[in-house]
Amino acid sequence: MSRPLLVVDGDSLAHRAYHGLPKSVRLNAVVGFTNMLVRLWESEEPRAVFVGWDTLTVPTYRHEALEGYQSGRVFDKSLLEQLDMLPELVRSLGFAAAKEDGYEADDFLGAAVRFEEKRGGTAVVATSDRDSFQLASEQTTIVTPVRGVSELTRIGPEQVRERYGVEPAQVPDFIALRGDPSDKIPGAPGVGPKTAASILKQYGSLDAALDSGRFPNLREELELYRRIATLDASAPLPPLKNQSPTWAEASSLLDSWGLGNLAGRIAARSA
């Protein structure tokens with residue numbers, strides 16, 4: 001039980017890889033994502049790897065509940081094509097992957113962390129999405145890429161407190177109050193991060209603040225924002241048994257995609 005489950009936000013790392021490598025690099029998101037996944041495998045020495053993915057073609061309940069949620073996001077055709085390829089690559093490595101209509105990658109992260117913590121294990125969550133800070137615990141650490149994907153910052157409960165001034169479990173309440181510009185969650189008018197943290201320190205929760213008379217005309221909206229910011233840990237998971245990487249199979253797939261150099265580096269791991 002000493003080896004962690006490595007839980008990866010596939011879309012988050014793929015986007016960083018795509019925008020971090022020159023467009024002249026063939027299948028740059030695939031190359032960068034593969035390199036990052038291998039580095040994570042080396043550094044974390046996990047018992048297994050699980051990668052969650054967004055479904056971009058079907059709206060989730062979040063899109064249906066909040067008009068404008070994640071609006072304005074436009075992805076390059078090349079990135080979309082590579083996002084479709086990457087789950088196959090993950091499975092060729094012998095790792096687990098999940099992508100289901102109605103769920104976001106974050107939801108799979110929440111489900112995987114809950115699964116691992118319930119079995120008494122530890123988890124390492126790789127993502128650049130700060131919504132996932134709500135998962136930080138004594139058993140779960142968040143690793144966030146900085147400077148492209150070459151360095152990682154480790155986030156535990158203490159780092160969440162330092163950054164936001166709240167406990168990890170309060171992060172959805174914090175986001176509901178402060179809002180989230182990247183997801184187009186409005187938040188409470190005039191409430192920034194310091195005020196949101198102060199309210200939660202005073203009352204302990206969004207519910208308690210609302211019950212005390214704060215934001216009397218915004219209860220439904222703020223409760224909705226919190227629901228949207230809360231990861232859905234009921235997302236369906238594949239089996240998460242211990243794994244051994246299948247480097248040769250992944251190398252063959254990469255070679256078929258015309259990535260001979262990367263395929264060679266991956267193949268060398270099976271020697």
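Is Tyr-164 buried or exposed? Tyr-164 counts as buried, because its relative accessibility is 10% and the cut-off for buried is under 20%. Keep in mind that this is a predicted model.

Let me stay with Tyr-164 for a moment. Its ring forms a stacked aromatic pair with Phe-174, with 4.7 Å from centre to centre and 20 degrees between the planes. Tyr-164 sits in helix α6, residues 157-164, and Phe-174 in helix α7, residues 171-178, so the pair ties together parts 10 residues apart in sequence. Phe-174 is buried as well, with a relative accessible area of 0%.

The structure holds 6 aromatic pairs. Another of them joins Trp-41 and Phe-95: the ring centres are 5.5 Å apart and the planes are at 25 degrees, so this pair is stacked. Trp-41 belongs to helix α2, while Phe-95 is in the loop between α4 (77-92) and β3 (96-98), so the pair ties together parts 54 residues apart in sequence. Both Trp-41 and Phe-95 are buried. There is also a cluster, in which ring pairs link Phe-50, Tyr-103 and Phe-108.

Tyr-103 comes up again with Thr-60. Thr-60 lies in the loop between β2 (48-52) and α3 (61-65), and is buried, with a relative accessible area of 2%. Leaving out residues up to four places away in sequence, Thr-60 touches Gly-102, Tyr-103 and Glu-104.

Back to helix α2, residues 28-44. How many of its 17 residues are buried? The count is 13, so α2 is largely enclosed by the rest of the structure. After α2 comes Glu-45, which has a positive phi, near 45 degrees.

Next, Ile-228, in helix α10, residues 219-229. Its relative accessibility is 3%, so Ile-228 counts as buried. Not counting residues up to four places away in sequence, Ile-228 touches Arg-62, Leu-66, Tyr-69 and Ile-185.

Last, a pair of helices. Helix α11, residues 247-256, packs against helix α12, residues 260-267, at an angle of about 175 degrees, and the axes are 8 Å apart. That angle is over 145 degrees, which makes α11 roughly antiparallel to α12. On the α11 side, the contact residues include Trp-247 and Leu-254; on the α12 side, they include Leu-262 and Ile-266. By type, the residues of this contact divide into 7 nonpolar, 3 polar and 1 charged.

Note on methods. Residues are numbered from 1 along each chain as its sequence is written. This is a predicted model: local features need pLDDT of at least 70, side-chain atom pairs count only at pLDDT 80 or more; totals for chains, interfaces and linings use all residues. Side-chain values use heavy atoms; hydrogens and water are left out. Axes are lines fitted to C-alpha atoms, for helices over the stretch in contact, and angles run from 0 to 180 degrees between N-to-C directions. Helices (H or I, at least four residues) and strands (E, at least two) are DSSP runs, numbered from the N terminus. Angles under 35 degrees count as roughly parallel, over 145 as roughly antiparallel, 65 to 115 as roughly perpendicular and the rest as oblique. Contact means heavy atoms within 4.5 Å. Ala, Val, Leu, Ile, Met, Phe, Trp, Tyr, Cys and Pro count as nonpolar, Asp, Glu, Lys and Arg as charged, and the others, Gly among them, as polar. Buried means under 20% relative accessible area, exposed over 50%, partly exposed in between (1.4 Å probe, protein chains only). Rings of Phe, Tyr and Trp (its six-membered ring) pair if their centres lie within 6.5 Å; planes under 30 degrees apart count as stacked, over 60 as edge-to-face and the rest as tilted.
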